[in-house]
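Consider how charged side chains pair up in the model below.

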Amino acid sequence: MSETRTALIEIEDLTVKYPGRRVPALEHLQLQLRAGETALLLGPSGSGKSTLALTFNGLIPHSIGKLQSGHVRVTGLDTRQTTVATLAQRVGILFQDPEAQFVMFTVEDEIAFGLENLCFSPDEMERRISESLRLVGLTELRYRRVEQLSGGEKQRVALAALLALEPEILVFDEPTANLDPQGTREVFNLLRRCKETGRYTIVLIEHRLDELMDLVERMVVLGKRGEVIINGEPREVLRTHLSTLQELGVWVPQVARLAHALQHHGCSLEPFPLTLSEAVEALKGRRALSAGQQEPSAPTTSTAVHNDGHQRFSASPPTRSEPDQGEAAIEVCSLSYRAAGRQVLQDISLAIPRGALLALVGANGAGKTTLAQHLIGVLQPPRGRVRLLGRDITTISARELTRHVGYVFQNPEHQFITEAVEDEVAYGLRVMGLPATEVQERTRALLERFNLLSLARASPFTLSHGEKRRLSVATMLAMGQEILILDEPTFGQDEYSATALLELLWQLHDDYARYVPGSHLRPVCGRHESWQAALLRDASSPLRSRGAAGRGASDAAPAGSASAPAWLVRSAHPGGAM
Amino acid sequence: MQVIYQEGESLLHRLNPLSKVVAVVPVLLFVALTTDPWLPLAFTALASAVIVGPARISPGTFWRLQAPLTISLLVFLILYPFMVRAELFDHTPVVLRLGPLALYQGAVLAGMAAVLRVYAMFLLSLIFMLTTEISDFIRAMVQQWRFPYRLGYGILAAFHFMPLLQEEFRLIQAAHRIRGIETHGGVRVHIERLRRYLIPLLTSAIRRAERTALAMESRAFGALKQRSYFRRFRFSRADYLFILCFWLLCLLVIALFLLNGWMGPLSFTKEL
Ligand SMILES: Nc1ncnc2c1ncn2[C@@H]1O[C@H](COP(=O)(O)OP(=O)(O)O)[C@@H](O)[C@H]1O
Ligand SMILES: [Mg+2]
């Protein structure tokens with residue numbers, strides 16, 4: 001507004017409570033954000049980030065929740081005394097779920113919706129609609145229906161709808177959590193563009209922040225009780241508080257981890273890097289200083305797989321560890337599938353040996369779930385296309401199939417069928433006809449392993465997201481299937497629960513089972529050195545298998561973009577028989 | 001709804017949604033009163049002509065959309081004469097005798113009348129449904145007929161849920177099957193299964209509704225008493241002209257029947 005770098009958002013001693021909740025969502029929160037600043041808001045899930053965002057635009061306390069103490073001033077206005085109509089023109093919030101933000105059916109109507117609520121004249125609306133569409137680069141989609149848009153386009157439309165209200169403050173509340181890499185990139189580019197206009201003060205709540213760190217001028221970290229525990233300049237915060245952040249279970253830029261790991265080995269980077277290119281510069285500088293010293297290498301693997309994995313790996317066929325003779329666990333033979341007039345799967349062939357651990361990676365809508373559903377009988381493949389453990393899937397009854405293949409759905413809630421956590425696990429065992437004492441024993445053992453024992457009597461629906469996911473995996477393991485398929489197991493989780501789940505999977509895999517996790521999460525941590533790309537496809541064409549796992553991937557076409565989806569196969573040692 | 005609305009640029013698509021309601025509803029009510037089969041038949045022809053004519057729906061699409069109803073009505077038509085009480089029609093001539101069963105002309109005609117009446121009413125409403133987008137209809141009602149806007153836009157937002165909920169239901173069904181849930185069994189098993197679906201379905205519907213409500217209110221929905229409108233819905237000359245022409249056409253048909261004495265009595269209560 002008038003002068004930059006004055007406090008635009010002032011929060012003093014803020015305590016917010018939701019009705020029906022014993023503990024406040026935010027407690028004695030103190031925060032000041034300056035005009036034009038870009039702040040990153042971090043915190044474990046449930047720490048109150050979204051709640052804080054809602055206090056900016058006055059929905060708290062005007063619509064939900066209660067301000068028990070303190071006050072919030074936005075552009076000098078006390079939100080308690082200001083109407084939501086006024087605040088909506090100061091603060092725009094882009095939410096996580098693109099579907100849940102739409103009211104109208106076409107792009108134009110959707111953008112007009114907010115303007116209509118504020119009684120703008122049609123001429124003014126016209127001006128603002130075309131201006132905001134221009135800003136997000138969707139002018140040519142103006143008359144499109146929203147359900148025909150991709151996830152990234154939907155979020156851009158949602159943002160255009162906010163920009164039309166000409167706010168000064170933009171809050172991005174995990175806007176990419178439901179998007180694939182392509183959509184994420186679109187949203188990030190747009191965010192960059194918003195920043196470059198210099199018109200907005202930006203509050204960013206985001207898990208996957210590696211590509212954005214150069215924009216961030218301030219990091220604010222919320223603790224579990226909803227209080228600000230760290231607030232400072234990102235370089236300083238990451239340099240000095242990394243372990244605190246990791247203990248909290250929030251995502252930390254990979255580069256910051258690298259720098260810390262290097263430091264641990266006596267190689268400190270100056271200045272402390274926030275982005276990949278800064279790290280490269282810092283490392284170059286060091287090399288020049290101490291030529292001849294050993295080069296750091298290993299920790300960058302996971303980034304490398306994502307950024308240029310296809311070039312690195314597609315040339316060599318996946319090396320499989322020797323002992324996987326005998327029939328494959330899953331064998332797919334030129335499977336095609338059409339739905340709603342669209343070729344979803346085209347001529348897929350692959351063989352997954354027993355004991356393999358395979359990640360199915362692809363853009364949203366590429367056909368990952370569709371393929372997986374062919375393996376469990378949710379979708380029926382034609383005869384002779386899919387073989388499980390050496391038998392044609394069409395000859396296996398549904399009941400028997402569930403004993404061989406476990407499937408964890410993207411939304412774990414879908415799978416809950418009882419009222420208590422322990423019954424949930426015991427259910428499968430009872431279906432198998434085991435004696436009651438054994439059911440009890442095995443249930444306890446599983447709950448213990450998945451760290452759910454203390455919740456045994458709780459209703460599955462009251463668990464946190466991470467707990468729900470652990471429970472759904474536990475229920476699937478209870479029956480001891482040889483094949484386990486997980487659909488986006490880390491979807492929508494904070495780093496802590498995502499890592500915990502993956503660790504658990506690797507551990508289980510090493511112990512005995514075989515998994516096919518499908519996920520658009522890029523390789524995250526530690527033990528991914530042996531991930532290999534086996535198949536690549538262009539994001540715009542239907543999923544087509546080129547080189548299948550185990551057949552060599554030498555004919556895999558080089559894909560253009562960094563996030564070109566690939567099948568990643570981790571060569572693994574088959575464990576002992578179950 | 002999206003399931004039945006056919007995108008297009010035809011004359012009827014461009015009309016104000018309410019003018020189609022105004023044109024069709026009185027005719028619909030009139031057809032409901034008829035008791036003979038011939039007048040509904042005439043309106044069936046008229047409605048079909050409007051649908052493939054000025055509404056520019058391809059005959060194939062039209063056929064596909066109305067086929068399910070046609071089939072069930074045909075089944076009804078065949079069964080009706082045998083199920084109706086014989087003493088109502090035993091004064092009319094017998095058309096066909098199948099052992100102990102007699103097929104009376106009166107029963108056949110009454111069955112045809114019932115079936116054609118339903119069919120004509122369905123086709124008349126298709127004129128509206130095939131060419132009108134639900135969001136346009138609700139917005140027009142809000143703007144022109146003082147339908148409460150909070151309710152109207154709430155309904156619109158709910159329409160986004162429908163396909164999502166359907167998809168969700170399908171997923172839950174599959175998920176439960178994979179858990180090894182009993183898929184065969186009597187009514188009790190069936191009810192128990194539906195009850196199990198309900199909890200996850202409701203959980204996610206409520207969560208989604210909350211999110212949508214927050215997103216709407218963040219954009220000042222309901223913040224002011226009034227709203228302005230980017231696209232104004234009003235009756236243009238074309239709308240009045242359409243209503244007039246449609247009514248005249250219908251009156252012409254009715255007059256033709258009246259003058260020739262083809263029309264049966266009108267009645268609210270029909271004895272079956
Ligand atoms: N509408 C609501 N009603 C009751 N409790 C809520 C509501 N929204 C959030 N909460 C609770 O407030 C706390 C903070 O949630 P939230 O702001 O969503 O955290 P974050 O965005 O950091 O994940 C959580 O314990 C959550 O369960
Ligand atoms: Mg949140």
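Arg34(A) is partly exposed, with a relative accessible area of 34%. Here, buried means under 20% relative accessible area, exposed means over 50%, and partly exposed lies in between (1.4 Å probe, protein chains only). Its partner is Glu37(A): the two side chains meet in a salt bridge, 3.2 Å from N to O. Glu37(A) is buried, at 2% relative accessible area. A salt bridge is a side-chain nitrogen of Lys or Arg within 4 Å of a carboxyl oxygen of Asp or Glu.

This is a predicted model: local features need pLDDT of at least 70, side-chain atom pairs count only at pLDDT 80 or more, and totals for chains, interfaces and linings use all residues. Side-chain values use heavy atoms, without hydrogens and water; residues are numbered from 1 along each chain as its sequence is written, with chains lettered from A and ligands numbered from 1 in the order written.

Now take Arg457(A). Its salt bridge goes to Glu422(A), with the closest N and O atoms 2.7 Å apart. This pair links distant parts of the chain, 35 residues apart: Arg457(A) sits in the loop between α15 (436–449) and α16 (465–478) of chain A, Glu422(A) in helix α14 (residues 421–431) of chain A. Helices are DSSP runs (H or I, at least four residues), numbered from the N terminus. Arg457(A) is exposed at 70%, while Glu422(A) is partly exposed at 23%.

Arg208(B) bridges to Glu168(B), with 3.9 Å between the closest N and O atoms. Glu168(B) is buried, at 9%.

Salt bridges also form a network, linking Asp109(A), Asp136(B), Arg139(B) and Arg231(B). Over all chains, the search finds 37 salt bridges.

Key: Helix = DSSP H or I, 4+ residues; strand = E, 2+ residues; numbered from the N terminus.
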